[in-house]
Amino acid sequence: MGIKLPIYMDNHATTPVDPRVVAAMTPYFTEVFGNAASRNHAFGWSAEEGVENARAQVAQLIGATPKEIVFTSGATESDNLAIKGVAEMYREKGNHIITQVTEHKAILDTCKRLEKEGYEVTYLPVGKDGRISLDELRNAITPKTILITIMYANNEIGVIQPVAEIGKIAKEKGVFFHSDGVQAVGKVPVDVQKDGIDLLSISAHKLYGPKGVGALYVRRKNPRVQLTAIIDGGGHERGMRSGTLNVPGIVGFGKACELCRLEMEEEAKRLGALRDRLKDRIMSRLDETFINGTMEHHLPNNINISFAYVEGESLLMGINDVAVSSGSACTSATLEPSYVLKALGVGEDLAHTSIRFGLGRFNTQEEVDYVADRVVETVNRLRELSPLYEMAKEEGVDVSKMNWKTA
Ligand SMILES: *Cc1c(COP(=O)(O)O)cnc(C)c1O
């Protein structure tokens, strides 16, 4: 059987919508088109029923109750609502927030804005493994601390933070714990009770649901979390998020969560095996390759590898029928290496030549083998052209001291 090109292996950026999710959504565009807030006719009631069913499905996936789910436009909004909502509501209690350096921009930029408004933010460092130190977290907490926001799993390197331990510390100190759970929910078991999470951000399009819909879990007891809304209006979602609900999107989100709940265990095994196969097929055939972040606490569908002695752009160009991400975030005109890899202590050159492989539900073994072959071929070809690689191999020059980008 031939392989269909290009191959999509960038499932941390977004995932295709599962056809079963599309099927669940379809009637909600046409027959069941009502406004879920229309209380006085059947069109509204049917839409509301779809929404409430989805709310239960989302809640069940994370061990929450339906009333604790607030639907949003996606995780960027959920992250904003969690952080700004707590910051404003508990301003009297304190103005200090703790986060860490490899968070998604939705967290970091929100924290930066709050700093401008007089809040204080501690950005914990991470080790070479990509995880924070629990001692450093404990030491960072002051009587003014109102919120700890630490992601569940990282979107570039797939490293899982010690979430349950963080939850315990937060509880001990009486500080709320928010986690950006986008990459973890639906991929690994996430349970807001076991993990001691008070607020959790989720996005539908990262778990085979549609784009533009997400949720924020907001704990209702032990402790009860209150939020100041950031969008005012009709008082939807218990006043925490006004705006007419995206009914088809929410229904699809619910279905996607249900599928993850039922299939996650098997899917994680399958993708973990595929990921390991990809890793072995690349790393057993190429020397001077390095995994970024610990594999001990890791998403099953992720691996991030740096390839020494090749130029990042050329590498990506060489595998242009494979959709992956690189550590060179081409943000507008500047070609800056990933701040996540930098935070791990990865040198600039190795950060530029890193590739994030994000496997997903619809990847096959044939695709994995094809991708591995293409990567190996390309790296070998580029290294044959590299005088530095030759020098290193022949003379044992310490190339880590050299800058091969400009060579
Ligand atoms: C994708 C992503 C987001 C943003 O989610 P949207 O729903 O696209 O706004 C936030 N955090 C992490 C870790 C992500 O991977």
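Predicted model: local features only at pLDDT ≥ 70, side-chain atom pairs only at ≥ 80, totals over all residues.
Two strands count as paired here if DSSP finds at least two bridges between them. Strand β7 covers residues 199–203, strand β8 covers residues 214–218, and the two pair in the antiparallel sense over 5 bridges.

An open sheet is formed by 7 strands, and their order is β2-β8-β7-β6-β5-β3-β4. The pairing in this sheet is mixed. Which strands stand at the edges? They are β2, residues 69–72, and β4, residues 120–124. Each has a single partner strand, so one side of each is left without a neighbour in the sheet. On average, and ignoring direction, neighbouring strands of this sheet are turned by 20° against each other.

Next, the ligand. There are 13 residues around it, and those that come nearest are Thr 76, Asp 180, Gln 183, Ser 203 and Lys 206. By class, the shell divides into 3 nonpolar, 7 polar and 3 charged residues. Which element gives the most to this shell? That is helix α3, residues 75–89, with 3 residues.

The side chain of Thr 76 has an N or O atom 2.6 Å from an oxygen atom of the ligand. For the side chain of Gln 183, the corresponding distance from an N or O atom to a ligand oxygen atom is 2.7 Å. Ala 75 takes part through its backbone: an N or O atom there lies 2.8 Å from an oxygen atom of the ligand. How much of the ligand does the protein bury? Taken alone, the ligand exposes 390 Å², and the protein buries 87% of that.

Now the other sheet. This one is open too, with 4 strands in the order β9-β10-β15-β12, and its pairing is antiparallel. At the edges stand β9, residues 289–291, and β12, residues 325–326. Each of these has a single partner strand, which means that one side of each is left without a neighbour in the sheet.

Within this sheet, strand β10, residues 302–307, and strand β15, residues 354–358, run antiparallel and are joined by 5 bridges. Asn 302 stands opposite Gly 358 in β15.

Two helices go with this sheet. Helix α7, residues 247–283, lies across β9, β10 and β15 and runs at about 15° to β10. Helix α11, residues 365–384, also lies across β9, β10 and β15, again at about 15° to β10.

Last, some backbone geometry to check before anyone builds on this model. Where are the cis peptide bonds I want to mention? One goes from Leu 5 to Pro 6, with omega near -5°. Pro 6 sits in the segment before β1, which is residues 7–8. Another joins Asn 222 and Pro 223, with omega about -10°. Pro 223 lies in the loop between β8 and α7, and Asn 222 lies in the loop between β8 and α7 as well. Asn 222 has a further feature: its phi is positive, about 55°, although Asn 222 is not a glycine.

Notes:
Residues numbered from 1 in each chain as written. Heavy atoms only, no water. Axes fitted to C-alpha atoms, helices over the stretch in contact; angles between N-to-C directions. Near = heavy atom within 4 Å. Polar contact = N/O pair within 3.5 Å; in protein donor to acceptor, adjacent residues only side chain to side chain. Areas by Shrake-Rupley, 256 points an atom, 1.4 Å probe, with all protein chains shown as cover. Nonpolar A, V, L, I, M, F, W, Y, C, P; charged D, E, K, R; others polar. Contact = heavy atoms within 4.5 Å.
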